[in-house]
Amino acid sequence: MKFPGSVLVSLVLFVSETAAALCLSAGYRAAGDRIWQGLTLLFALLPCALVQLSLVFIHRDVSRDRPLVLLLHLLQLGPLVRCVEAFYIYFHAGRVEEPYVSITKKRQMPKDGYSEEIEKEVGQAEGKLCTHRSAFSRASVIQAFLGSAPQLTLQLYICVLQQEVTVARSIFMVLSLLSIVYGALRCNILAIRIKYDDYDIRVKPAAYLCIFLWRSFEIATRVTVLVLFGSVLRIWVFLVVLLNFLGFCFYPWVLFWRSKSPFPENIEKELSRVGTTIVLCLLTFLYAGINMFCWSAAQVELSDPDLISKSQNWYRMTVYYIVRLMENAFLLLMWYIYRTDFYLYVCAPMLVLQLLIGYCMGIFFMLVFYQFCHPCKKLFSSSITEALLSCFKLLYFICQHHKSTLLTGKVAVKAPENTDEARGSSKTIDSQNRSIHQSVSSNA
C-alpha cells in the first residue's frame, strides 16, 4: 500500500494558504484597505467552501449517517478530518484480516508489442485510501484554479499598484503559485489515469519534474501578463477575462449540443436532473478557470460517461498554445504602448522578451514531457512531434491556398483591363489602315 503523500501535501498547501490569506486580510484591515481585504477573503473562502462540497460529494456523506463529519465540513475542517482518516487507514491496514477483497485487472505497458494482463487483490482499506487520494486530487485542482490563481493575480496587482512587495505578501504569492502548480500537476496525473484506466500506470520522477517546470513557466508568465495589462488598461482587462472565461465555459456545452447526445444521467444515482445540471455547470466552471491560466489536461466532454475526453487531441492543444501565445504577445504590446511613468525604471523591451521566452520555455517542457517522459507514450498512435509537423503542414497548406486564391482574384481583375487595352489598340490599328486606304484611293 502506497504512502498517502499526496493527501498530506494537499492538506499542507490548503492550510498554509488559508492561514496566510487570513493574516494578510487582517493586515489590509489594519491599513484601512477594505477592498483588498474583501477580495482576499473572497478568494480564500469561496474555494474553501467548494473543497468541502467536493469532499462530501465524493465520499457520499449526505447519504450516510455521519453528522459529526458533516458538522466539521461546515466548520471548514473537512480536509483535516479526511487527512486524519486517511492516515488512520494507512497505519492500521493489515492488522485486522479483511472479510473480502476485490480483484482488479490491469494491463502492463506494452513491451515489444505485447501487453500482459495482471491481477491484483484490493482490500477494503486500500480501496478507501484510493478514494481519499482521488478526493484530495480533485480538491487540489479546485483550490488551485478557483482560489489560488485569482489570489495570486490579485496580490501581484496590489504589489504593482502600491509599488511595494512586503514579506507577508511575497510568502503568500509563493504559496499560491505552488498551490496552482501542484493543482495543475494533479490535473495532469488525474487525466492520465482516467484516459488509460485499463493500464497499470507508474509516473517517474522525471515526468513530475517536467510537469512542474512546464506548469511553473506557463502559469507564472500568464499571471504576470494579465497583471501588467490590467495595470495600464483596467477596464479592458475585465473584457479579456470575461471573453476567455465565457468562451471556455460554454465550449463543452456547444460540443455537447452538436453531438446530440442524451443528457447524462449516471453521474450520481441520488441526484435529480436539476442536481446533475448543477454539477455539470460547476464542472464546466472549473474547466473554464483552468483554461484561463493554463492548458487543461483533462478535457471536459459531457457526452462521455466519465465526463472526460479519452482521446489525445494534439490539434486542439496546438491551436490552444498558438492562440494563447498570440494573445499574450498582444497584451504585452498593449502594455508597452500604454505603460505609465511607473515603468520608466523598467526595461520594457527586456521584460516583454523575458515573458515571451518564459512562456516558450513552458511549451518546451511540455513537448519534452509528451515526447520522452509521458508514462503512456507507447500507447500514442502518433508522437507530439509528428502531430506538430502535421499541424504546421496544414497551416502552410491553408496559407498557400489563401495566396493562390488572392493571385487568381488579381489575375481575374487584371484580365478585363488587358482586353480593353487590346481592343483599344486594335481599334487604333483599324483606323490607321482605313486612313491609309483612303489616301491611296484618292491619289489613284
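Mentor: Begin with N244, which lies in helix α8 (residues 234–259); helices here are DSSP runs of H or I of at least four residues, numbered from the N terminus. The model is predicted, so local features need pLDDT of at least 70 and side-chain atom pairs pLDDT 80 or more, whereas totals for chains, interfaces and linings use all residues. Residues are numbered from 1 along each chain as its sequence is written, and side-chain values use heavy atoms, without hydrogens and water.

Trainee: Is N244 buried or exposed?

Mentor: Buried means under 20% relative accessible area, exposed over 50%, and partly exposed in between (1.4 Å probe, protein chains only). N244 counts as buried because its relative accessibility is 12%.

Trainee: With which residues is N244 in contact, leaving aside neighbours within four places in sequence?

Mentor: Contact means heavy atoms within 4.5 Å. On that basis N244 touches R222, M292, R324 and E327.

Trainee: Which side chain makes a polar contact with the side chain of N244?

Mentor: A polar contact pairs N or O atoms within 3.5 Å; within protein, one must be able to donate a hydrogen and the other to accept it, and residues adjacent in sequence count only if both atoms are side-chain atoms. The partner is E327, at 3.1 Å. The N244 side chain also reaches the backbone oxygen of V240 at 2.8 Å.

Trainee: Where is L80 placed?

Mentor: L80 is in helix α4. L80 is partly exposed, because its relative accessibility is 44%.

How values were computed:
Helix = DSSP H or I, 4+ residues; strand = E, 2+ residues; numbered from the N terminus.
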